[in-house]
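Visitor: Could you take me on a close look at the aromatic rings in this model, and at what lies around them? I would like the geometry along with the setting.

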Amino acid sequence: MTQIDILSLGYDELLEELLLMGEPKFRAKQIFSWLHEKKVTSFSEMTTLSLQLREKLKEKFCLNRLKIVKRLASSIDDTVKYLYQLPDGNYVETVWMEYHHGVSVCLSTQVGCRMGCKFCASTIAGFVRNLTTGEILLQIYEAERDMGKNIDSIVLMGIGEPLDNYDNVISFLKILSNPEGRGMSLRHVTLSTCGIVPRIYELAKDAAGITLSISLHSSSDDNRSEIMPINRRYNISELLEAANSFFKETGRRITFEYAVIEDVNSAEKDAAKLAGILKGMQCHVNLIPINPIAERSFHGSRKTAKKFMDALSNYGINATVRRTLGSDIEAACGQLRRNAIEK
Ligand code: SAH
């Protein structure tokens, strides 16, 4: 019999399994808290359960871990980048970032990515598989164990497209926010998407408290389609309509990510056009100086990003250049994993 991955079970699914085993309802509460609040790494640590039940659980379920294969700590600030090995041997990356207002982690949601954005390292070697709900959670739990403290907020901005692994991401959010476990408010979670439009409408219903961050990167369809193939499926006006609807439904202001790339999207006319399409929207623009990746010739700089920010402010658009953390370890997202595969 294959074992059930217990960390991937939502509260109700866990309850159902336990009832099938003939256990009383309150066991679900106890076990869920051991798993997601106390974050035990084995069933034997669940000391409020009888030895016999712990044995039964060990047979029926598996309680996975991720292996830290690389841990790069910045010497400039407190950023730590983890390369994890998953139970099946695949790799993902997670970044631990300390701000004055607390600790934030950047999580991966897939092994590889199939969205094909031209400037992104995560997509070059293609898509392997979705992460399970448990694997998304474990990126937090392993880092917290390693650092000896808990995180305060989460950004789903690592490897993969979170809305392309929709069900597991939603079940991750449900476990995270369940008061029987960690009870984290979704206000502390930001999800970044390249723009899978129908999922944005669903997200507004399934995870209303979340902050939505949209990777826009261009204000004209021709240009955006060239660097982000998803735009051929869902164009800018459809994307902005979904963004507006998300704001209307949830009251949460949208963030637009814009990687500033020399000779691609950073001219004065690009700022004017961007300001035009965002006019009147409740949003914030987060400018990222493009992180060059070895396989492509895109380049940019903080200076260009600042200039673009000033141009946007002249048009009344609220924009900031993203702070750089861990610049000494900042291989563009996805590159640690790529280097590991190559070896
Ligand atoms: N798939 C999701 C989340 C992962 S990428 C998304 O597309 O939003 C997180 C952010 O980093 C996105 O805004 C993405 O476009 C951006 N990004 C990817 N590669 C980059 C690079 N080389 N330089 C700067 N930003 C990059």
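Guide: Here is a walk through the ring pairs, then the charges over rings, and then a pocket. Please keep in mind that this is a predicted model.

The count of aromatic pairs comes to three. One of them joins Tyr11 and Phe32 edge-to-face, with 5.2 Å from centre to centre and 80° between the planes. This pair links distant parts of the chain, as Tyr11 belongs to helix α1 (residues 11-20) and Phe32 to helix α2 (residues 26-36), 21 residues apart. Both Tyr11 and Phe32 are buried.

Tyr258 and Phe308 also form a pair, and here the rings are stacked: their centres lie 4.9 Å apart and the planes are at 20°, which counts as stacked because the angle is under 30 degrees. Again distant parts of the chain are linked, with Tyr258 in strand β12 (residues 254-260) and Phe308 in helix α10 (residues 302-314), 50 residues apart. Tyr258 and Phe308 are buried too.

Now for the charges. Lys38 lies over the face of Trp34, 4.4 Å from the ring centre, and Arg114 lies over the face of Phe127, at 5.6 Å from the ring centre.

Helix α10 gives the largest share of its lining, four residues. Sorted by class, the lining of this second largest pocket has four charged, three nonpolar and two polar residues.

Key: Residues are numbered from 1 along each chain as its sequence is written. This is a predicted model: local features need pLDDT of at least 70, side-chain atom pairs count only at pLDDT 80 or more; totals for chains, interfaces and linings use all residues. Side-chain values use heavy atoms; hydrogens and water are left out. Rings of Phe, Tyr and Trp (its six-membered ring) pair if their centres lie within 6.5 Å; planes under 30 degrees apart count as stacked, over 60 as edge-to-face and the rest as tilted. Helices (H or I, at least four residues) and strands (E, at least two) are DSSP runs, numbered from the N terminus. Buried means under 20% relative accessible area, exposed over 50%, partly exposed in between (1.4 Å probe, protein chains only). A charge sits over a ring if NZ of Lys or CZ of Arg is within 6 Å of the ring centre and within 35 degrees of the ring normal. Ala, Val, Leu, Ile, Met, Phe, Trp, Tyr, Cys and Pro count as nonpolar, Asp, Glu, Lys and Arg as charged, and the others, Gly among them, as polar.
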